[in-house]
Amino acid sequence: MTPLKSSFQGPHPLSIVRMAWKQKWLVMGLCVTLSAAVVGVVQSLPPVWKAEATILVESQKIPERFVSSLVVTDLQDRITTISQRILSTDRLLKLIETYNLYPEERKRQAQETIIQQMRTDIKTTVVRGYAANRPGAFKVSYEGANRQVVAEVTNQLSNFYVDENLKARETQAEGTTEFLKSQLDQAKKTLDELEAAVSRYKQSHN
């Protein structure tokens, strides 16, 4: 016996279109209901505001042929180092208490979870310059539910980055000053030796 082959191929696309057309009012009603439900859910969600501050990176005034640049070419490394100090638990807790951030979350979540949430809401992005692809600036942003609070927190974070960068550059500048002083002392010593040699030559060939 030879098995019979099935010839079932499913409904024809035109049949589906005819069925949908016959139930067009039902389909339109479902679409309107789903659209209204989606709009209602979206409107019920709390708004999320984002503020962003751009911090310019100034190049040093001393020519690089005398002293290597204090602004590291890879600005991302510097931002990472500074961020570790700015995004510390103590500093973020102070910001959370000052601006009363995450009030509902603080009622039911652990402190470590709130700190991690704030670190997630804070972002830094490097903006490359136009000369040899060197860094020209970086952006600091923060997201939250209150527009005014988000702007104030972002300004405070940008101030933190500026202050920490100034401290780091002051430390590097102190080392640069010591280097220049040592070079100046060495140059003065060499000049004194040359003047003494010239003086001895003149006395011996007077």
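Before you click anything, one term: pLDDT is the predictor's confidence in each residue, from 0 to 100. You need that because this is a predicted model.

**Stop 1: colour by confidence.** Across the chain the pLDDT averages 75, and 64% of the residues score at least 70. Now select residues 1–6, where the pLDDT is below 50; beyond near neighbours in sequence, this stretch has zero contacts in the model. Next pick residues 68–73. Here too pLDDT stays under 50, yet the model has 18 contacts beyond four places in sequence for this stretch.

**Stop 2: switch to cartoon.** Follow them along the sequence and the pattern reads α-α-β-α-α-α-α-β-β-α. Of contacts between residues at least 6 apart in sequence, 62% join residues at least 24 apart.

**Stop 3: the nonpolar core.** Buried residues make up 21% of the 206 residues in the chain. Which residues have the most contacts inside the largest nonpolar core? Select Leu-101, Met-118, Tyr-142, Val-153, Leu-157 and Tyr-161: those are the ones, in a core of 26 residues. Elements giving two or more residues to this core include strand E1 (49–56), helix H3 (75–86), helix H4 (89–99) and strand E2 (122–128). Helix H7 gives the most, with six residues.

Zoom in on Met-118. Not counting residues up to four places away in sequence, Met-118 touches Leu-92, Leu-95, Ile-96, Leu-101, Tyr-102, Tyr-142 and Val-153.

**Stop 4: a serine in a strand.** Click on Ser-141, which is found in strand E3. Is Ser-141 buried or exposed? Its relative accessible area is 6%, and buried means under 20%, so Ser-141 counts as buried. Show its contacts, leaving aside neighbours within four places in sequence, and you'll find Lys-50, Ala-51, Glu-52, Asp-121, Ile-122 and Lys-123.

**Stop 5: the largest pocket.** About 430 Å³ of space lies in the largest pocket. Its lining has 19 residues, and the closest to the pocket's centre are Tyr-102, Glu-105, Gly-144, Ala-145 and Asn-146. Select helix H5 (103–108), helix H6 (111–121), strand E3 (135–144) and helix H7 (147–204) as well, as each supplies at least two residues of the lining. Finally, colour the lining by class: you'll get eleven nonpolar, four polar and four charged residues.

Note on methods: Residues numbered from 1 in each chain as written. Predicted model: local features only at pLDDT ≥ 70, side-chain atom pairs only at ≥ 80, totals over all residues. Heavy atoms only, no water. 1 Å grid on protein atoms, 1.4 Å probe; cavity = no way out; pocket = protein on both sides within 12 Å on 5 of 7 lines; lining within 4 Å. Points joined across faces, edges and corners; volume = space filled by probe spheres on them. Helix = DSSP H or I, 4+ residues; strand = E, 2+ residues; numbered from the N terminus. Nonpolar A, V, L, I, M, F, W, Y, C, P; charged D, E, K, R; others polar. Contact = heavy atoms within 4.5 Å. Core = buried A, V, L, I, M, F, W, Y, C linked by side-chain atoms within 4.5 Å. Buried < 20%, exposed > 50% of the residue type's maximum accessible area, 1.4 Å probe, protein only.
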